[in-house]
Amino acid sequence: MTSDHAPGHALDLDAYLARIGWSGERGPTLAVLRSVHRAHALGIPFENLDPVLGTVPSLALADLEAKLVRSERGGYCYEQNTLLAAALRALGFEVTLLCARVVLGAGPGDVRPRTHMLMRVGVPGEATPYLADVGFGAAGSLLEPIPLVAGAELHDTPRHHRLVHIPHAGPLELWELRAETGEGTWQGQYAFTVEPFEAPDFEVINWHIATNPRSPFEHLLYVQRTTPEAHLSLTGRTLVVTAADGKREERELADAAEAVSVLADTFGIRLPEGARLPE
């Protein structure tokens, strides 16, 4: 397995920025960080087709560029955030990879492993670092980076996020990202510390998530796309469209053939040549 730190390949920044539809004066400023982050979140869909089709996604930068930038594909958190990290570094930002424990959907007392990639981003001239993450496949994901400050709130329209400290027994402060799900109601998304993780750590985690029979990503299709008007999700054969005002529409797809059509027409994703979705 290889990573974005493997020598011999530099990100084609022009191609990446064209893929996410971003143009502007390039430089490590807060305005650039916010706008590139949002453009990526809106421009590249979340999907786990590779594990469902029986392969482990490569995290090598050349492969990520071929798949997420030059093909009609998306990826899950390790792919999305590895690509964004490479782009931010190329733009002059300081990036530290972090790993979070997903709490969304967890029951009381559940302790899940740390499996979600996110990043701490330093902006030259700014005293406060930012939490950036374009790979959380859920309606509560960040559209823009949020200041890494306890109590920070972000109105990343149409979403609303908050960062808080939560008690735990470890020596490092534990952060939790929360999303507003209703008037005054907050839901935890994931919890993390600022301990740095390296690319080889995510190679191991990526392999586990893609191949472990107990991993939902190994056997169930998860696809997400955010547009300015709505959040779209396909879980297995269940298609859900959630409008910015919270209105929700759900329907079941008839079969794999309809799923392939919806992937292309609704999510902008085309299956690899010769691939077939399981029935």
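Predicted model: local features only at pLDDT ≥ 70, side-chain atom pairs only at ≥ 80, totals over all residues.
Lysine 67 belongs to helix α4, which covers residues 61-69. Leaving aside residues up to four places away in sequence, lysine 67 is in contact with Glu47, Asp50, Pro57, Arg73, Gly74 and Glu79.

## Helix α4 and its packing against α5

Lysine 67 is listed among the buried residues of α4 together with Leu61, Leu64, Glu65, Leu68 and Val69. These buried residues pack against four elements, namely α1, β1 (46-47), α3 (49-52) and α5.

On the α4 side the contact is made by Leu61, Leu64, Lys67, Leu68 and Val69, and on the α5 side by Glu79, Gln80, Thr82, Leu83 and Ala86.

## Nonpolar cores

The largest nonpolar core holds 47 residues, and those with the most contacts inside it are Tyr16, Val36, Tyr78, Phe93, Met119 and Phe202. Two or more residues come from each of the helices α1 (13-19), α2 (30-43), α4, α5 (77-91) and α6 (199-211), and likewise from the strands β2 (94-102), β3 (114-122) and β4 (130-132). The greatest contribution to this core is that of α5, which supplies 9 residues.

Phenylalanine 202 touches Leu59, Tyr78, Leu97, Leu98, Cys99, Met117 and Phe197, when residues up to four places away in sequence are not counted.

The structure holds 0 disulfides. For cysteine 77, the closest cysteine sulfur is that of cysteine 99 at 7.8 Å, which is too far for a bond because a disulfide requires the two sulfur atoms to lie within 2.5 Å. Cysteine 99 is likewise in no disulfide, and its nearest cysteine sulfur is that of cysteine 77.

Both of these cysteines are classed as buried, since cysteine 77 has a relative accessible area of 8% and cysteine 99 has a relative accessibility of 0%.

Most peptide bonds are trans. The bond from threonine 157 to proline 158, however, is cis in this model, with omega near 5°. Proline 158 is found in the loop between β6 (153-154) and β7 (161-166).

## Glycine 268 after helix α8

Glycine 268 is found in the segment after α8, the helix of residues 256-265, and it counts as partly exposed because its relative accessibility is 31%. Although glycine 268 and glycine 74 are 194 residues apart along the chain, their C-alpha atoms are separated by 8.8 Å. Glycine 74 is also one of the residues touched by lysine 67. Glycine 268 itself touches Glu72 and Leu263, not counting residues up to four places away in sequence.

Notes: Residues numbered from 1 in each chain as written. Heavy atoms only, no water. Contact = heavy atoms within 4.5 Å. Core = buried A, V, L, I, M, F, W, Y, C linked by side-chain atoms within 4.5 Å. Buried < 20%, exposed > 50% of the residue type's maximum accessible area, 1.4 Å probe, protein only.
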